[in-house]
Amino acid sequence: MRWKASQFWKNASPNELLSFFHSIEKGEDLRSLANHMLEDHEFCDLVFEYLWLLRSEDATKKFLNDENIKPDLLMKFIYFGYGKQFLLDQFDSNSYFLQIRQLFGSSQSLRILSLGEEMDRDPTLKIHLLSNLDPQTWEAYFDLLEEKNMTMQTLLGIFSNLRENEIRKILLNSHTLYYYLRMMMVSGKQSNEDTTGKEKENRIRLESILTAIHVWETFCQELKDKYDLTKEKSLAPNKRDSYRLSLVLKELVKVQSQDRSDVLVYLKGNGVILDSWEETTVLSALGNYDKVGKYF
């Protein structure tokens, strides 16, 4: 196969590589490619180089989410990109993992999370991958915890080494993770599980963050009760009820500027910001408010 000739990878253009990822068949071809990447580090780095360049392409995401690509190979890719970004000015690992998690679907995220020892070394990555889990894979993850005799406190412990603003940012950017974590905390209050002083301190801190985000959950529910959002979404932006966005703006101006975009992501994830047009409009209005004291 031509991919075994490394000169193809060294000389191919990004478009040729994209065509290759489009055309490669599943099964033995892809499995053989993945195995060769694990055996030949130079070849693996060449493939990663192109995958990184083409990371926004659907073909690349499809390739990375194929079950023939083993979790340990995906971990190599994640840290390959980490090394690339680390060389940039003002590198932020939390922002990097927010970006990288979008490349993986729920099932593939679960497969990476199954690498227990590797995951324990990087709690930030672990939390972001947990953010990708849908209800079905969450159940599978809980089963995985039980198999390894891990308790809820073990799972909550991954937040202990993160700063509060990091945890808040992660949870605002994943309303699903926020929801499941909140449910876990509520159910945990009914258990008799012993906790140490450090675990109690971590739990109290996490409860405080969840309570702050719950304010936005309540706000979203109020908007859903007040407006028919399905009908609103079917309308052209200029035909929608502008008072809904006015209510959003009224609440967001109370938030510190650096936190507004994350809250906006949460509102969009909960369906009360209907599309990118509304998101851009709100951000523009907030920018105007900070500069001249009015939205428009």
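Me: Which residues have the most contacts inside the largest nonpolar core?

Reply: A nonpolar core is a set of buried Ala, Val, Leu, Ile, Met, Phe, Trp, Tyr and Cys residues joined through side-chain atoms within 4.5 Å. Buried means under 20% relative accessible area, exposed over 50% and partly exposed in between, with a 1.4 Å probe and protein chains only. The largest such core has 90 residues, and those with the most contacts inside it are Trp9, Tyr141 and Leu267.

Me: What kind of model is this, and how are residues numbered?

Reply: This is a predicted model, in which local features need pLDDT of at least 70, side-chain atom pairs count only at pLDDT 80 or more, and totals for chains, interfaces and linings use all residues. Side-chain values use heavy atoms, without hydrogens and water, and residues are numbered along each chain as its sequence is written, from 1.

Me: Which residues does Tyr141 contact, leaving aside neighbours within four places in sequence?

Reply: Contact means heavy atoms within 4.5 Å. With those neighbours left aside, the partners of Tyr141 are Leu110, Leu113, Lys126, Leu130, Leu133 and Leu155.

Me: How many helices and strands are in the protein chain?

Reply: Both are DSSP runs numbered from the N terminus: helices are H or I of at least four residues, strands E of at least two. By that rule the protein chain has zero strands, and its helices number 19.

Me: Is Tyr96 buried or exposed?

Reply: Tyr96 sits in helix 7, residues 93–100. Beyond four places in sequence, Tyr96 touches Trp52, Phe77, Ile78, Gly81, Tyr82, Gln85 and Phe91. Its relative accessible area is 2%, so Tyr96 is buried.

Me: How far apart are the C-alpha atoms of Arg205 and Ser160?

Reply: Arg205 lies in helix 15, residues 197–226, and counts as buried at 19% relative accessibility. Leaving aside neighbours within four places in sequence, its contacts are Phe159, Ser160, Leu162, Arg163, Glu164 and Ile167. Arg205 and Ser160 are 45 residues apart along the chain, and their C-alpha atoms are separated by 9.0 Å.

Me: How many disulfides does a search of the whole structure find?

Reply: A disulfide is a covalent bond between the sulfur atoms of two cysteines; here the test is a pair of cysteine sulfur atoms within 2.5 Å. Cys44 is buried, at 4% relative accessible area, and Cys220 is buried at 1%. The number of disulfides found in the whole structure is zero.
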